[in-house]
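Subject: Structure handover

Hello,

Here is the structure I said I would pass on. Please look through it before reading my notes below.

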Amino acid sequence: MQEYNMVVIGAGPAGMAAALEAEKNGLTDIVILERDEYIGGILPQCIHNGFGLEYFGEELTGPEYAYEFIDELADSNIEVLTETMVLDVDENKEVTALNKEKGVLKLKGKTIVLAMGCRERTRENIRIPGDRPSGILSAGTAQRYTNIEGYMPGEKVVILGSGDIGLIMARRMRLEGADVKAVLEIMPFSSGLVRNKVQCLDDFDIPLKLQHTITRIEGQERLERVRVAQVDEDFNPIEGTQEWIECDTLLLSVGLIPENELSKAMGLDLHPVTGGTFVNENRETSIEGVYAAGNVLHVHDLVDWVSEEAEIAGKAAADYINNNLEKRAQKIEITPAENVTYTVPQTIEYTFGDKKFIKVFMRVTEPMEDVEVKFSANKEEIISYPKKIVMPGEMVTANLPAALVTDEMEEIKVSIVKKAGENNG
Amino acid sequence: MAKNDIICTGCPKGCHVTVEVEDDEIVNVEGYECPTGREYAINEYKNPTRILPSTIRVKKGEFPLVPVKTAQPIPKSLLIKAMDVIAKTEVKAPIKIGDVLIENILDTGVDIVATRNIDKEVEV
C-alpha cells in the first residue's frame, strides 16, 4: 500500500489550496484524488466574474480563479490523480479508490483532507408534485451543459430559487437566447447578492417573484408548463393566486448539501445545521489528522473563504506531522447564541502558538441592520464588532483575538445583536 | 423631470437611489446612505457598463467550448449585440488563458479574451 503524508479527496478550490499550503509548510508526499476528468472543481463551469476580490484583491472569473491554483500545482511536487473516485476511507486513514486506468487503488495517508464539496438539492428533496418529464435540471447541471459541454438545456425557462446560482443561470440562459420567464423565490427576500439581482435579472427585465413557488409540474415527454402560486408566511400556497407558466425547462437552485457520504462511513458525526463534520479551529474532525475544508464542511458563498479555510487545514496538517501542535489543557466550545445559526469552528483544541486570532465563520438567522457580533464567556463580553448589515446569504466573519482567550474559558458564545444606542441624549 | 431608480450594488443593503434628471443634467441624487451609493448611481445613470462573460466554440479542443470575457467592461446596451458576435465565432485549440479571441468587439476598444487553457483534443 502506497503511503502519503497527505491524501486530499477532491481537487476543487478547497483540495487544491489545502495541498499547496501543506507543501509550503514543508510537507512532502501529497496526493490529490479527483473524480472528474479535470481539476478545479465547480470553478471551471462558473464562467462569470465576481471571484477573487477577497483573496486576490482583483475580480476574476471562475476558470481564472481556479487557474491560479492549477498553475501553482503544476509547478509543485504534489501528485494529482484525476478520474479517480474514492470509495472508502477508514478510521486508520486507509483510502480505497477507483482509477480509470490503474483500477483499484489502496493508499494510506498520515493525514486526510476531506474536500469533496457539496451537491445540489433536487426536485425530490423539495417534493414538487406532478409529472416526470425531461427538462427539469439543477441549475448547476444546466451550467455544466451550457458552459463546458456545449449544450443548450432549453428555450423557455423558469428558475426556482433566487440564490446566486439561480440568478447567474437566468442571465446565462438569456444571453444564450432563451426566454427566461421568471425566477421564483419562496422566501420574502432573494438570498443572492444584490449585484447579481441587478446585473442578472434587472438588466434583462427578468421578473423575480418573491414568496412564490411551484405547486405542480406538467408535461408528457418534455416539460410543458408549471403551476406557480404565491405562498403565505408558513410557505403554504395561497388559494386563488395560482397561474400556469408555459416552459420547456425548469432549473432548480434550491440549496446545496455538503457531500459527506465518505465522512459518515468513517464514523464522523454531522452537524445538524451545516451538514458538515464538527471541527476544531484547525478544521480537524473528531478523528486526529483528518481535516475537512470548503463546502464539504459548510456551504460558502465566496470561494475566497474556501481557499482561506483550506489553507488553515493544510497548514495544520503539516504542523501535525511535524509535531508543532500542542493541545490545550481543556478544549473550548464555541456555541452559537442569539441570531446565529452556526459557527465554524465549533471548538478550540490547541494552544494558539504564533496565531494572533481565530477567525470565526457564522451565519445570521435573518437580515438585520446596525448590529454587533459579540463573543462572550461566563456572561461577560470578550469583544464585539459593529456590522452595518448582515444577511443570511452572506457569511459573517469575526476574529477572536488569542490574547483575550484564557484557560478558564470552557465555552465562548457568539451572538449577533442590535447595537446598543450610542448617544444617551 | 425624469426620476431614475437605481439599486446600488456596493453592499448587501442595496439602497434604492433616485437620480433626478432635467434636460440631460442630473439635478438631484437621493436615497443613498454612503458616498459609494451616490457615485455608483451617477455612473450607473450616465454610463452603465458590465463585464460580459460567455463561451466561444472550439475546433479540435479537449472541450467544445472555451470560456471568455470582455477584458474590460462594455456598455450595458451592447451586451446582446456582443453575444451575437461571440456566437458567430469559432476558434481552434490550443488556447491559452488571456489569449485575445476577438479584437475590439463592436468598436468598443475592448477585446474578448480566453479565461481558461484549452488543449488540443487527444487523438485516439
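How far apart do the C-alpha centres of domain 1 of chain A and domain 2 of chain A lie? They lie 31 Å apart.

Before the rest, a note on conventions. This is a predicted model, in which local features need pLDDT of at least 70, side-chain atom pairs count only at pLDDT 80 or more, and totals for chains, interfaces and linings use all residues. Residues are numbered from 1 along each chain as its sequence is written, while chains are lettered from A and ligands numbered from 1 in the order in which they are written.

Domains of chain A

Chain A is divided into domain 1 (1-119 + 255-325), domain 2 (122-254) and domain 3 (327-425); the bounds come from an automatic or database domain assignment. Six residues of domain 1 of chain A are in contact with seven of domain 2 of chain A, where contact means that the C-beta atoms, placed from the backbone, lie within 7 Å.

Nonpolar cores

A nonpolar core is a set of buried Ala, Val, Leu, Ile, Met, Phe, Trp, Tyr and Cys residues joined through C-beta atoms within 7 Å. Buried means that 20 or more other C-beta atoms lie within 10 Å of the residue's own. The largest core has 65 residues, and V8(A), A18(A), V113(A), A115(A) and A317(A) touch the most other members. Helix α8 (residues 303-321) of chain A gives the largest share, ten residues. Helices (H or I, at least four residues) and strands (E, at least two) are DSSP runs, numbered from the N terminus. Leaving out residues up to four places away in sequence, V113(A) touches residues including V8(A), A18(A) and A317(A).

Chain A against chain B

Between the chains, 21 residues of chain A are in contact with 21 residues of chain B. On the chain A side, α2 (62-74), α4 (139-149) and α6 (194-201) give two or more residues each. The most come from α6(A), with four residues.

A sheet in chain B

In chain B, five strands form an open sheet in the order β8-β5-β6-β10-β9, with mixed pairing. Two strands pair if DSSP finds at least two bridges between them. The edge strands β8 (90-92) and β9 (100-102) of chain B each pair on one side only. β9(B) pairs with β10 (residues 112-114) of chain B in the antiparallel sense over two bridges, and V100(B) stands opposite V113(B) in β10(B).

Regards

Key: Contact = placed C-beta atoms within 7 Å. Buried ≥ 20, exposed ≤ 12 C-beta atoms within 10 Å, placed from the backbone.
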